[in-house]
Amino acid sequence: MFATKGLSKSFGRLTALLNVSFEVEEGEIFGIAGPNGAGKSTLFNVITGIYPPSSGRIFFRGKDITNYKPDQICHLGIARTFQIPTTFHTLSVYDNLRVGAIFGARRPQSADEVLELLGLEAVRHRPARNLDLYTTKLVMLGAALATDCKLLMLDEPMAGLSMAEINQFLEIVRRINQEKGVTIIIIEHLLDILISLTKRMLILSDGQVLYLGDSKEVTADRRVVEVYLGGKGGIAHAHR
Ligand SMILES: Nc1ncnc2c1ncn2[C@@H]1O[C@H](COP(=O)(O)OP(=O)(O)OP(=O)(O)O)[C@@H](O)[C@H]1O
Ligand SMILES: [Mg+2]
């Protein structure tokens with residue numbers, strides 16, 4: 001359904017992504033992990049047209065979408081959330097969802113469906129700026145979902161949440177995947193969460209593919225253990 005081929009991105013002399021290739025199957029939940037600064041968010045930014053890639057191609061449903069603009073990518077059916085919680089803070093919760101529904105899906109009723117799916121009815125009239133972190137993240141997710149996306153990309157959606165909130169959020173992610181049939185790419189640095197949620201994952205390190213394969217086998221991979229999990233410089237020590 002989705003693929004990158006040899007994707008690279010440099011910012012001046014800094015190489016944020018180098019030759020990254022991976023594929024995502026229709027209907028799957030695909031994981032991305034990697035240390036701080038590995039290039040995870042840059043990968044999302046390049047895929048969603050915020051930055052053009054320095055080289056490489058991006059494919060969605062058989063179409064080469066490299067260099068498409070963010071609005072074109074949205075209209076094709078790809079939506080994303082941001083690592084830093086981002087809403088239209090002067091608008092109500094409901095109007096945030098309506099922005100996604102009207103811009104992305106051109107189907108206003110999509111906002112009501114998402115409001116119900118995410119259980120946001122009780123706060124629908126509240127301004128988005130007055131919400132707790134968990135609800136803010138649900139609103140950002142809801143605006144993305146209301147575009148009627150076929151591929152949903154989530155950038156560390158559970159960072160900063162309590163264990164109980166993480167479990168609720170995971171349940172919602174699974175429902176979006178199973179009930180709405182949305183394919184999901186999720187960035188998450190906690191490997192145990194990613195292993196329980198996904199079948200396959202990609203681990204980036206210094207902008208390059210460190211691991212691509214079965215999520216269950218990731219902790220047995222020698223390079224993953226060396227670079228990402230264990231010892232000095234491993235994620236257990238490095239990640240904030
Ligand atoms: N717009 C930009 N201009 C210059 N450098 C950038 C830009 N965006 C990202 N970078 C750099 O690219 C590298 C990768 O950053 P990126 O945000 O993609 O990492 P990440 O894997 O998402 O990290 P984190 O886990 O902290 O979110 C970093 O060195 C970062 O400083
Ligand atoms: Mg990031």
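Six strands form an open sheet of mixed pairing, in the order β6-β7-β8-β3-β9-β10. Strands pair if DSSP finds at least two bridges between them. Strands (E, at least two residues) and helices (H or I, at least four) are DSSP runs, numbered from the N terminus. Neighbouring strands are turned by 15° against each other on average, direction ignored. Axes here are lines fitted to C-alpha atoms, for helices over the stretch in contact, and angles run from 0 to 180 degrees between N-to-C directions.

The model is predicted: local features need pLDDT of at least 70, side-chain atom pairs count only at pLDDT 80 or more, and totals for chains, interfaces and linings use all residues. Residues are numbered from 1 along each chain as its sequence is written, while chains are lettered from A and ligands numbered from 1 in the order in which they are written.

Strands β9 (200–205) and β10 run antiparallel, joined by 6 bridges. Methionine 201 has glycine 213 of β10 as its bridge partner. Helix α8 (222–229) lies across both β9 and β10, at about 130° to β10. Helix α1 (40–47) also packs on the sheet, touching β3, β6, β7, β8 and β9. Its direction makes about 145° with that of β7. Contact requires C-beta atoms, placed from the backbone, within 7 Å.

Helix α1 also gives the largest share of the shell around ligand 1, 3 residues. Strand β2 (14–24) and α1 are the elements that give two or more. Residues around the ligand include Phe11, Leu14, Lys40 and Gln83. Each such residue has its C-beta atom, placed from the backbone, within 6 Å of the ligand.

Technical notes: Contact = placed C-beta atoms within 7 Å.
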